[in-house]
Amino acid sequence: MMARVIDGKTHAARERAELAQKVATFRRVVGYAPRLDVVLVGDHPASAVYVRNKEKAREQAGMEGRVHRLPAETAQHELAALVADLNHDPNVHGILVQLPLPAHLDAQAILEAIDPRKDVDGFHPENVGLLALGRPRFVPCTPLGVMRLLKAEGIATTGREAVVLGRSAIVGLPMSLLLAARGTGDATTTICHTATPDPRAVARRADLLIVAMGRAETVDADWIKPGAVVIDVGIHKRDDGRLVGDVVFESAARVATAITPVPGGVGPMTIAMLLNNTYEAARAALAHSGGVGLLASLSEEGCVST
Ligand SMILES: NC(=O)C1=CN([C@@H]2O[C@H](COP(=O)(O)OP(=O)(O)OC[C@H]3O[C@@H](n4cnc5c(N)ncnc54)[C@H](OP(=O)(O)O)[C@@H]3O)[C@@H](O)[C@H]2O)C=CC1
Ligand SMILES: Nc1nc(=O)c2c([nH]1)NC[C@@H]1CN(c3ccc(C(=O)N[C@@H](CCC(=O)O)C(=O)O)cc3)C=[N+]21
Ligand SMILES: [Mg+2]
């Protein structure tokens, strides 16, 4: 039996269509649209592709935004000055500084300089802390997209064994927090990393295996308990130009019950969640600036938080 292939592209398109409706209502009622500004430093080839995808999706959702393209040799203080400008611009609701940054820049310092109420990536320590405490504000887009995908597919996590391969701040760590969180994942959650002696043996315990190691086509059928659900977060361009994940898809699909493909799995959901977070940032900014009446009108028109 071959695994069911989870169609992230279709789920993401549905998410974005629902969001476009809410954005249209927001624009009509409030008089402007949510705005996401993206900062791209240098010319990392994959980043250029992702930023273009984000732009397309943002425009389709009817949202405002700019891409700020800075040369690779931009100095720390120049980047920090741009972030400060965006922090202070009331028309900007969401800020995303595309990673990785060139090596001479201190990425952590830049992420900490972003106003946490505009941090739609959810990477600021304040937002990480809120998530860890079970009081999430902005949740990192990739793990949030995975949770949405599981929900949309009717895949339950409560009381099940989840294993996350990877502990990065972008994917593995927030993914683990969500899976373990009371009322959210409620899964028994294990994290593997490079100090795990035998990650394959741990992975084989999983009912739900989330793979975010950044190692192309590494996880094959031997890592998977028969009947498990496999979510492949990895994305790599092979020498022949094909996009692949961290999972050997054909092999894994023979033992899993459900699996995400690359491309067309987690990636499109990441972008949809980024736009959702930006909408929520604009809504929260409105509430913060005393637009209570406008918020009530939005709610009456069905624009409730998701
Ligand atoms: N589809 C999407 O939307 C997104 C996809 N990605 C992709 O997901 C992948 C992971 O990204 P990211 O988290 O940023 O990557 P990182 O390289 O930052 O983190 C990789 C993690 O995997 C762990 N790891 C590496 N090798 C092994 C191994 N053999 N066994 C166990 N653990 C291992 C590392 O451990 P240690 O901590 O010990 O180093 C680290 O925690 C990449 O391919 C990336 O391109 C990323 C973001 C979004
Ligand atoms: N500040 C910041 N926030 C991020 O969220 C962030 C980042 N930096 N740096 C890089 C990673 C990676 N990431 C992806 C987003 C979309 C796809 C995506 O759209 N993937 C499509 C196809 C991509 C393609 O055609 O190459 C798919 O999987 O089907 C992939 C990866 C966000 N990241
Ligand atoms: Mg990365």
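Pro 100 is found in the loop between β4 and α4 (107-113); helices (H or I, at least four residues) and strands (E, at least two) are DSSP runs, numbered from the N terminus. The model is predicted: local features need pLDDT of at least 70 and side-chain atom pairs count only at pLDDT 80 or more, while totals for chains, interfaces and linings use all residues. Residues are numbered from 1 along each chain as its sequence is written, and chains are lettered from A and ligands numbered from 1 in the order in which they are written.

Leu 99 is linked to Pro 100 by a cis peptide bond, with omega about 0°. A cis bond also joins Val 262 to Pro 263, again with omega about 0°. Pro 263 belongs to the loop between β11 (258-259) and α10. Most peptide bonds are trans.

Ligand 1 is surrounded by 25 residues, and the closest are Gly 166, Ser 168, Thr 194, Gly 214 and Thr 270. Helix α10 supplies the largest share of this shell, 3 residues. Its classes are 11 nonpolar, 12 polar and 2 charged.

The strands can be followed next. Strand β2 (residues 35-41) runs parallel to strand β3 (residues 64-70), and 7 bridges join them (two strands pair if DSSP finds at least two bridges between them). Asp 37 has Arg 66 in β3 as its bridge partner. From β2 the chain passes through helix α2 (residues 45-60) to β3 in a right-handed β-α-β crossover: with the strands pointing away from the viewer, the path from the first strand over the helix to the second runs clockwise.

An open sheet of 6 strands has the order β1-β11-β8-β7-β5-β6, with parallel pairing. Its edge strands, β1 (4-5) and β6 (188-192), each pair on one side only. Within the sheet, 4 bridges connect β5 (residues 161-165) and β7 (residues 208-211) in the parallel sense, and Ala 162 stands opposite Leu 208 in β7.

The largest nonpolar core has 90 residues, of which Leu 209, Ile 210, Val 211, Val 230, Ala 252 and Ala 256 touch the most other members. Such a core is a set of buried Ala, Val, Leu, Ile, Met, Phe, Trp, Tyr and Cys residues joined through C-beta atoms within 7 Å. Helix α10 gives the most to this core, with 11 residues. Domain 1 (32-115) and domain 2 (141-266) both contribute residues, so the core lies between them.

Asp 186, in the loop between α7 (172-180) and β6, has a positive phi of about 50° although it is not a glycine. Asp 186 is partly exposed, with 16 other C-beta atoms within 10 Å (buried means 20 or more such atoms, exposed 12 or fewer, and partly exposed in between, with C-beta atoms placed from the backbone).

How values were computed
Domains from an automatic or database assignment. Near = placed C-beta within 6 Å. Nonpolar A, V, L, I, M, F, W, Y, C, P; charged D, E, K, R; others polar.
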